[in-house]
Amino acid sequence: MTNRNPYREELFQWIWQEIEFDCSNLKTISGKPLKIIDTGSRNVGAGPDFLGAHVRIGHRDWYGSVEIHKKAVEWNQHEHHKDTEFNSVILHVIYSADTSTGVRTEDGHEPFTLELKPYLTKKIHQLLDQKQRSGIACSGNVSFINQEAFEKQVEVAHREYLEYKVEELLAFYDPSLPISNAWQQSIITGVYQALGIPSNKSSMKNLAQELFGESLQTEDFADFSAQIEQFAFNSERDFQWKQHGMRPASRPKPRVKQAAAIHFAIQKVPFQIFFKNSPGKTWRELMVHIYPAVRPGKSRLSLIKQIVYLPGIYLLGDLLHSTRLKQTAFDAWTSSTQYVPPEMKTPFKKAGFSINSSTKKIGLAHQYKRYCREKNCHRCEVFKKAIRS
């Protein structure tokens, strides 16, 4: 099946910026010789993609901006022909020519056009072709991809994933509350959400957030759990629970009970314990307060520790301006035994990569979801290694 978003414009911006194409005999669409003297600086704001570029077309030097698209037709689709900020464009760089190659600026100027496709290397063409299909873009090309580059990229993704998860918890944080209450609510919301993965992720998150408006203060776990169950499955509320296509243990009722157990435990552990003790010691303390009969399975608990608890401790260190707490959370994140769901390992194995001690990290999930699946190859060390080897 063809991927609906085969590749992003950012890839071609990267190719231009890094000059990852043959420059020895460049010509514009109109046949004029083109020499790139300066690609310009990447523009992160509104307006053309690159500013301050310098190119020589024919025997004349041009100074100005460069705009990059996959197809020339996108110039008018994005209404650049009506925008005065694009009057400075001297060169329109496109991946492949179409029937509307020529473009015009708001002031009537016609920038030259460079089609990249004829000048790209064979390896980039191979990867671009693969990117249009489902699966990992590098699949089938591992013969010229260094495993070391894959391991390096997984390490990058693993570190990024911590930042991503901290930001996710921060989105649940209510700054109008005292730090202890706001942090507790954000980490509890994260737990509910993690227990809902994959089918009831949003429903569990919504349940947690609505629960905070309820009075659930009790010293009796059975009463606490019953209140949450009644709230979650009250016919007057519609959390849009999905019941089908999953194992019995993963269905809403057992997951809500497990969430209630961890919710209760987090409230039972004194707040100061979370920032005084090491993350490992506090996690063990937390486990003591979770009723065994409703404790999640080993793999799900491991996942919660990795994607909720450790990022939560890192967030707490950030909120309390504690370098020590952030560092201990980071160290635990990078060194702890990793549980990686099989569905995250399979695409890489199929592509020909080795999942070993260096790559068996939860960061594989980040790599797959935000690099491979979103086709952000230009940000990936594996892609760079592949096209330059």
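Reader: Why is cysteine 23 called partly exposed in this predicted model?
Author: Cysteine 23 has a relative accessible area of 32%. Buried means under 20% and exposed over 50%, so 32% falls in between and cysteine 23 is partly exposed.

Reader: What makes cysteine 372 buried?
Author: The relative accessible area of cysteine 372 is 11%. The cut-off for buried is under 20%, therefore cysteine 372 counts as buried.

Reader: What makes up the lining of the largest pocket, by class?
Author: The lining has 16 nonpolar, 8 polar and 10 charged residues. The space in this largest pocket is about 750 Å³. Of its 34 lining residues, Ile197, Pro198, Arg300, Leu303 and Glu343 are the closest to the centre. Elements giving two or more residues to the lining include α4 (147-170), α11 (298-319) and α14 (363-372).

Reader: Which residues touch the most other members of the largest nonpolar core?
Author: They are Trp16, Leu91 and Leu207, in a core of 104 residues. The element that gives the most to this core is α11, with 10 residues.

Reader: What is tryptophan 16 in contact with, leaving aside neighbours within four places in sequence?
Author: Its contacts are Phe21, Ile36, Thr39, Phe50, Val66, Ile68, Leu91, Val93 and Leu114.

Notes
Residues are numbered from 1 along each chain as its sequence is written. This is a predicted model: local features need pLDDT of at least 70, side-chain atom pairs count only at pLDDT 80 or more; totals for chains, interfaces and linings use all residues. Side-chain values use heavy atoms; hydrogens and water are left out. Buried means under 20% relative accessible area, exposed over 50%, partly exposed in between (1.4 Å probe, protein chains only). On a 1 Å grid over the protein atoms alone, a cavity is a set of points where a 1.4 Å probe fits but cannot get out, and a pocket is an open set with protein on both sides within 12 Å along at least five of seven lines; lining residues have an atom within 4 Å of a point. Grid points are joined across faces, edges and corners, and a volume is the space filled by probe spheres set on the points. Helices (H or I, at least four residues) and strands (E, at least two) are DSSP runs, numbered from the N terminus. Ala, Val, Leu, Ile, Met, Phe, Trp, Tyr, Cys and Pro count as nonpolar, Asp, Glu, Lys and Arg as charged, and the others, Gly among them, as polar. A nonpolar core is a set of buried Ala, Val, Leu, Ile, Met, Phe, Trp, Tyr and Cys residues joined through side-chain atoms within 4.5 Å. Contact means heavy atoms within 4.5 Å.
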